[in-house]
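Keep the structure open beside you as you read.

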Amino acid sequence: MSEALSMAREAGVDDLTASALLAALRNRKAVEDRAAADQLDLAARWADLHPPESIHLAAAFTVPGTEHEEPIAGEGCPLVAEFCVAELGAVLGISTTAAKKLIGHALELRHRLPRLWAQVQSGTVPAWRARLVAEATIHAAPTLTREPAGWVDDQVAAVAGRVATAQLDRLVAETIKRFDLASPDPASDPEDGYLHVDPRHVTVHDQDVHYAGTIHVEAELDLADALDLDHALAHDAAAQKALGSTETLDVRRAKALGNLARTQTALDLFHTQGATSQENADGLPAARELVLHAHFDGTLTNVGTVFGPTGRMENRHKLLLLEQIRSWCGDSRTKVTIKPVVDLSANLTAPGYDIPDRIREQVILRDKTCVFPHCTRPARGCDLDHVIAFDHHAEADGRPQPGPTQTDNLACLCRSHHRLKTHTAWRYQTAGPGVFEWTSPHGHHFRRDRSGTTRIEPERP
């Protein structure tokens, strides 16, 4: 029995007929659409409460890094005070970037696409469909002024609730083009369009990584370059086979392409010459360095250190297999650097304000990402913030340092959220190693640790 049916029985609706179940589903969908429409309306009202004037009235003088006006929708939409976006995102359980997009769509619909806005609020068009149109008009190239945006609204609103997503996308694009806003496209000429477009490209689809540690690569090359590449791959694949490889031709050609990337050479991959300062002993030019930060948990046993079968790679937050690392390290041209084990539970301390590399690395490995609620910016690109501010005058005044430079008083914050913490009423404190409790300007509380963000509900009396 399916999980859905089991849940239905638990809810006491197992005796519903098929027609009644469909009616119940339709009702729930209507409730969901109504809630989405209300969310857009409330997001627009939140923006109304935080106009640019709220910044200017609050500040008597300008400090670098403080709040600024944020244009998050098309021309003609009101600007928004930048820092209000983060609190809305935190309350909704989404990132600041996603909250910015939500507010932008709400303002775009209300001010530049009023017919669609009215249909969303009346329940004729689902909010998600209208947001697709808003996204297109906000980021149209060239930029849409209010008049062409209104033209798009007039054309699309008539059918937005009845067509499929792909048809809606095409309709928006065609409407913009019919208004003569699209840039001339000489490549569309059926006779000599190819003279105006260069189709060459190399695309590495690194967002879709196979569990085996492989990704898809596609390319369009110049004919001569393609033939040279084919020759180089065939030569390397043949050399691998001559050296005893029993892998298939496709696998050997794939490995040959990796060899090209590491050696930056073209044809004679195994030709040996006198090595120079720019070459290795095999005569090949020095490989371009690519740094990967791989982390595996190890357990000390009576036979040595045993690593788990899976780990993580900081680059793009990917799952990593131990076997994949072993294969990379087995390549003679791979440089492996083993760094000392970092004890993430140790509380390291340094005198003064500056953060030494050993503490910086420990905090980066502990936090993984920016520690603001729902932010996923990698920690290695973040600022390190003193949770309790460092007092530069404490020593001179003979007072104890309230915000020492030590592990339990440091956290990774991306530049945007670092500014937010510095210049707004957002506050946070350490609740444990790598655990932080945040309080928003309006009193909402969040706990952020290595597993993610959870909301802290106020204690009931």
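A residue is called buried when its relative accessible area is under 20%, exposed when that value is over 50%, and partly exposed in between. With a relative accessible area of 28%, Lys 368 falls between those limits, so Lys 368 is partly exposed. Please bear in mind that this is a predicted model.

His 374 has a relative accessible area of 22% and counts as partly exposed.

Glu 361 pairs with Arg 380, and their closest N and O atoms are 3.1 Å apart. Glu 361 is in helix H13 (residues 357–367) while Arg 380 is in the loop between H13 and strand E11 (383–386), so the pair ties together parts that are 19 residues apart in sequence. Is Glu 361 buried or exposed? Glu 361 has a relative accessible area of 18%, which is under 20%, so this residue is buried. Arg 380, at 30% relative accessibility, counts as partly exposed. Salt bridges that share partners also join Asp 391, Asp 397 and Arg 399 into one network.

How many salt bridges does the count come to? The count comes to 18 salt bridges.

| Pair | N to O distance |
|---|---|
| Arg 34 and Asp 38 | 2.9 Å |
| Glu 135 and Lys 101 | 3.9 Å |
| Glu 361 and Arg 380 | 3.1 Å |

Arg 34 and Asp 38 both belong to helix H2 (residues 18–48), where they are four residues apart, about one turn of the helix. Arg 34 is partly exposed at 32% relative accessibility, and Asp 38 is partly exposed at 34%.

The salt bridge of Glu 135 with Lys 101 has its closest N and O atoms 3.9 Å apart. This pair links distant parts of the chain: Glu 135 is in helix H7 (residues 127–138) and Lys 101 is in helix H5 (residues 96–112), 34 residues apart. Glu 135 has a relative accessible area of 25% and is partly exposed; Lys 101 is partly exposed too, at 41%.

**A nonpolar patch and the residues that follow**

Turn now to the surface. Val 202, Val 204, Val 209, Ile 215, Val 217 and Leu 221 form a nonpolar patch there, and together they have about 450 Å² of accessible area. Where does Val 209 lie? Val 209 is in the loop between strand E3 (201–205) and strand E4 (216–220). With a relative accessible area of 33%, Val 209 is partly exposed.

Further along, Asp 222 is placed in the loop between E4 and helix H10 (223–242). Asp 222 is partly exposed, with a relative accessible area of 34%. Asp 222 and Arg 200 are 22 residues apart in sequence, and their C-alpha atoms are 7.0 Å apart in space.

Lys 241 is found in helix H10. At 56% relative accessibility, Lys 241 is over the 50% limit and so counts as exposed. Lys 241 and Arg 252 are eleven residues apart in sequence and 8.1 Å apart in space, C-alpha to C-alpha.

**Inside the protein**

A search of the whole structure turns up one cavity of 30 Å³ or more. About 40 Å³ of space lies in the largest cavity. Which residues line the largest cavity? The lining consists of Asp 367, Thr 369, Cys 370, Val 371, Gly 434, Arg 448, Asp 449 and Arg 450.

How many disulfides does a search of the whole structure find? The search finds zero disulfides. Cys 412 is in no disulfide, and the nearest cysteine sulfur, that of Cys 382, is 5.7 Å away. Cys 412 is buried, with a relative accessible area of 0%. Cys 77 also counts as buried, at 10% relative accessibility.

Technical notes: Residues are numbered from 1 along each chain as its sequence is written. This is a predicted model: local features need pLDDT of at least 70, side-chain atom pairs count only at pLDDT 80 or more; totals for chains, interfaces and linings use all residues. Side-chain values use heavy atoms; hydrogens and water are left out. A disulfide is a pair of cysteine sulfur atoms within 2.5 Å. Buried means under 20% relative accessible area, exposed over 50%, partly exposed in between (1.4 Å probe, protein chains only). Patches are made of residues with over 30% relative accessible area and no salt bridge: like charges are joined within 9 Å, nonpolar side chains (Val, Leu, Ile, Met, Phe, Trp, Tyr) within 5 Å. Accessible areas come from the Shrake-Rupley method with a 1.4 Å probe; for residues, only the protein chains shown count as cover. A salt bridge is a side-chain nitrogen of Lys or Arg within 4 Å of a carboxyl oxygen of Asp or Glu. Helices (H or I, at least four residues) and strands (E, at least two) are DSSP runs, numbered from the N terminus. On a 1 Å grid over the protein atoms alone, a cavity is a set of points where a 1.4 Å probe fits but cannot get out, and a pocket is an open set with protein on both sides within 12 Å along at least five of seven lines; lining residues have an atom within 4 Å of a point. Grid points are joined across faces, edges and corners, and a volume is the space filled by probe spheres set on the points.
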